[in-house]
Amino acid sequence: MTITFPFDFLVKSVLNFFIAQMAKMKTLALAFLILLIGAGWKPPGRVITEVDGAEMVLVPEGIFLQGEDYAFSDEVPMREVFISAFYIDLTEVTYERYKKYIDSRGVEPPPDCGFSGPRWNGKEFYPEWANHPVTCITWLEARDFCDWAGKRLPTEAEWEKAARGTKGRIWPWGDKWDKEKLNSGSKQTLPVGNFPKGKSPFGALDMAGNAFEWVNDYYNEAYYPTAPDRNPQGPSTGEDRVLKGGSFASEQILTRCSYRSHLKPDVRKIYNGFRCAQGLKAP
Ligand SMILES: [Ca+2]
């Protein structure tokens, strides 16, 4: 008779133990954070993340107006949505920051995918692109970069709140179109932060124009009427992922904060970049 040790059972037990411990630690960390906030602790308005060196701005918790009543059918209806506090990158991810990821992870730079000349020379970028938003990025690459940086892609609702504030602004600066406050209708990206007067109510820059920005959500044109009104995470399945904010090449209507573009997650376009988000951490 052969006696076999129940390895599967042992491995599963050990794994379950660690998963349970990690879940407890997350719960404890959250409880600690709630205690701190209850005791009057206020998260800083700006932080710099260590791995990628990016400055991030705080978007405090609370209700904002998402969507539009009189716009494309997939933006309807405008409604009140609660979003927990989070941080979002001040600017789009630049070539300079993306190169840190390339060097650290040993991944290939994204191939050039459009006009205005090449961005990359082997694993180096041409210096004139250093502070431009990195583009020709797929959703999958954007997700992986944010993961490397200890962050994540924002949800569509988080991105929209960070862009338009709480009161349903059409553009980050207000309701009146102003071509001096964003890079749109042009031939290429510009260095990030080039339009400080176009900042959002929370201080985020280039939310309208420059590069379109991937967010985490799957796209579904019929999602809004039945979406949760607290921290919506997007449909649970789908094919396309959402992009927000319009690009350097977009016309006015596509740069509205509520506009919803969408593409397959492996598509590369000269118009598309991203920025990352992060939940609150106790000090
Ligand atoms: Ca943008």
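Q: Why is Asn210 called buried?
A: Asn210 has 34 other C-beta atoms within 10 Å. A residue is buried if 20 or more other C-beta atoms lie within 10 Å of its own, exposed if 12 or fewer, and partly exposed in between, with C-beta atoms placed from the backbone. Asn210 is therefore buried.

Q: What kind of model is this, and how are residues numbered?
A: This is a predicted model, in which local features need pLDDT of at least 70, side-chain atom pairs count only at pLDDT 80 or more, and totals for chains, interfaces and linings use all residues. Residues are numbered from 1 along each chain as its sequence is written.

Q: What makes the phi of Asn210 worth a remark?
A: Phi of Asn210 is near 65°, a positive value in a residue other than glycine. Most residues other than glycine have a negative phi. Asn210 lies in the loop between helix 4 and strand 8. Helices (H or I, at least four residues) and strands (E, at least two) are DSSP runs, numbered from the N terminus.

Q: Why is Cys136 called partly exposed?
A: Cys136 has 19 other C-beta atoms within 10 Å. Cys136 is found in the loop between strand 7 (124–125) and helix 3 (139–148).

Q: What makes strand 1 and strand 2 a pair?
A: Two strands pair if DSSP finds at least two bridges between them. Strand 1 (residues 46–48) and strand 2 (residues 55–59) are joined by 3 bridges, so they pair. They run antiparallel. Arg46 has Val57 as its bridge partner, and Ile48 has Glu55. The hairpin of these strands has 6 residues between them, and there Gly53 takes a positive phi near 70°.

Q: How do you know that strand 2 also pairs with strand 5?
A: The two are joined by 4 bridges and run antiparallel. Val59 stands opposite Phe86 in strand 5.

Q: Why do strand 1 and strand 12 stand at the edges?
A: The open sheet has 4 strands in the order 1-2-5-12, with antiparallel pairing. Strand 1 and strand 12 (277–279) each have a single partner strand, so one side of each is left without a neighbour in the sheet. The twist averages 30° from one strand to the next.

Q: Which strands does helix 4 lie across?
A: Helix 4 lies across strand 2, strand 5 and strand 12. It runs at about 75° to strand 5. Axes are lines fitted to C-alpha atoms, for helices over the stretch in contact (C-beta atoms, placed from the backbone, within 7 Å), and angles run from 0 to 180 degrees between N-to-C directions.

Q: Why do strand 10 and strand 11 stand at the edges?
A: Another open sheet of 4 strands has the order 10-9-8-11, with mixed pairing. Strand 10 (261–263) and strand 11 (272–273) each have a single partner strand, so one side of each lacks a neighbour in the sheet.

Q: What makes the bond from Val76 to Pro77 cis?
A: Its omega is near 0°. Most peptide bonds are trans. Pro77 lies in the loop between strand 3 (62–66) and strand 4 (79–83).

Key
Two residues are in contact if their C-beta atoms, placed from the backbone, lie within 7 Å.
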